[in-house]
Structures are given as structure tokens and as C-alpha cells.
Amino acid sequence: MGDQETRAALERHWAASAAGDQDAEHEIYHDDVVTDYPQSGERIHGRGNLQALRSNHPAKLTFTIRRILGSGDLWITEYEIDYDGKPASTISIMEFRDGKVAHETQYFADPFAPPAWRARWVDSMPLI
């Protein structure tokens, strides 16, 4: 699978995630995918478990993609998930094998107000 095909598969994946289409969302994964959530110390084994976990999430989720970067077998998506009105900045690192995701690591970060002491050195980022 070339980079254009992988990017298209990722775009379909994130669109399906945003639409709540659990079957289409999980087409991108190998049956034996491993997904890690380092912040909570959780590891999910297998596409079936991953889909079941996500299908039972109690919050209404919306997704806003900031950017997708990658080539070959390593792709990163930077995005925001909104959980019932509470945003979380998120990074998904996907490692592909034979055209499907074999390993994914997701990092989640709550927003915070910037400290006043560094205001003279920074600009505000555009909201997504």
C-alpha cells in the first residue's frame, strides 16, 4: 500500500469515527492489533476488543482532525476528541503491517490555560 492509499484509509477511518460507524472505523485494523493507552496503563488486544470497547463508550464523541503525517508504515494523527463537551488533544501513532494497523498508541491531554509568565514569548494557536 502506498502513502496515498494509506492516507485515504486514515481519512476513511477518522470520518467513520466521527460518524459513529463502528464497522467502518475498525476496518483499518489487523485482527491481532495491539492498542496502547500509556496514560491509563491499558493495552487492548485484538480488533474485536478494541471495537467493543469503543462501541460501549458512554460519552458522545466528536472528532476534529488537526493533521495527518506519515509515510510507509508509520503514521501520526493529531486531533481533538470532544467527550460530551470536554475536549482532549489527542495523538494517535499507527504502525502498519501489510496495509493494516498492527499497533496503535494513543495519547490524550486535557487543555490548560497558558501561564502568564511566558506570554511575551508565545502566540495563541488557532482553534480547530
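Analyst: His 13 is buried, because its relative accessibility is 1%, where buried means under 20% relative accessible area, exposed over 50% and partly exposed in between, with a 1.4 Å probe and protein chains only. The model is predicted, so local features need pLDDT of at least 70 and side-chain atom pairs count only at pLDDT 80 or more, while totals for chains, interfaces and linings use all residues. Residues are numbered from 1 along each chain as its sequence is written, and side-chain values use heavy atoms, with hydrogens and water left out.

His 13 belongs to helix H1; helices (H or I, at least four residues) and strands (E, at least two) are DSSP runs, numbered from the N terminus. Leaving aside neighbours within four places in sequence, His 13 is in contact (heavy atoms within 4.5 Å) with Glu 25, Ile 28, Tyr 29, Arg 54 and Met 94.

Residues up to four places away not counted, Thr 35 touches Glu 42, Arg 43, Ile 44, Leu 50, Arg 54 and Glu 104. S1 and S2 pair in the antiparallel sense over 4 bridges, pairing here requiring that DSSP finds at least two bridges between two strands. Within this pair, Val 34 stands opposite His 45 of S2, and the hairpin has 4 residues between its strands, with Gly 41 taking a positive phi near 75 degrees.

These strands are part of an open sheet of 6 strands with mixed pairing, in the order S2-S1-S6-S5-S4-S3. Strand S2 (42-45) and strand S3 (61-71) are the edge strands, each pairing on one side only. On average, neighbouring strands of the sheet are turned by 20 degrees against each other, direction ignored; axes are lines fitted to C-alpha atoms, for helices over the stretch in contact, and angles run from 0 to 180 degrees between N-to-C directions. Strand S5 (residues 86-97) pairs with S6 in the antiparallel sense over 9 bridges, and Gln 106 of S6 is the bridge partner of Ser 92.

The helix that carries His 13 packs on this sheet: H1 (residues 3-19) touches strand S1 (29-37), S3, strand S4 (74-83), S5 and S6, and its direction makes about 170 degrees with that of S3. Helix H3 (residues 47-55), in turn, lies across S1, S2 and S6 and runs at about 55 degrees to S1.

For the chain as a whole, the 3 helices and 6 strands run α-α-β-β-α-β-β-β-β from the N terminus on. Of its 128 residues, 33% count as buried, and residues 24 or more positions apart account for 42% of the contacts with a separation of 6 or more. The C-alpha atoms fill a box of roughly 50 × 35 × 25 Å along the principal axes. The accessible surface of the chain comes to about 8,000 Å², of which 53% belongs to carbon and sulfur atoms, as computed by the Shrake-Rupley method with a 1.4 Å probe.

In contrast to the buried His 13, Val 122 counts as partly exposed because its relative accessibility is 44%. Val 122 lies in the segment after strand S6 (100-109).
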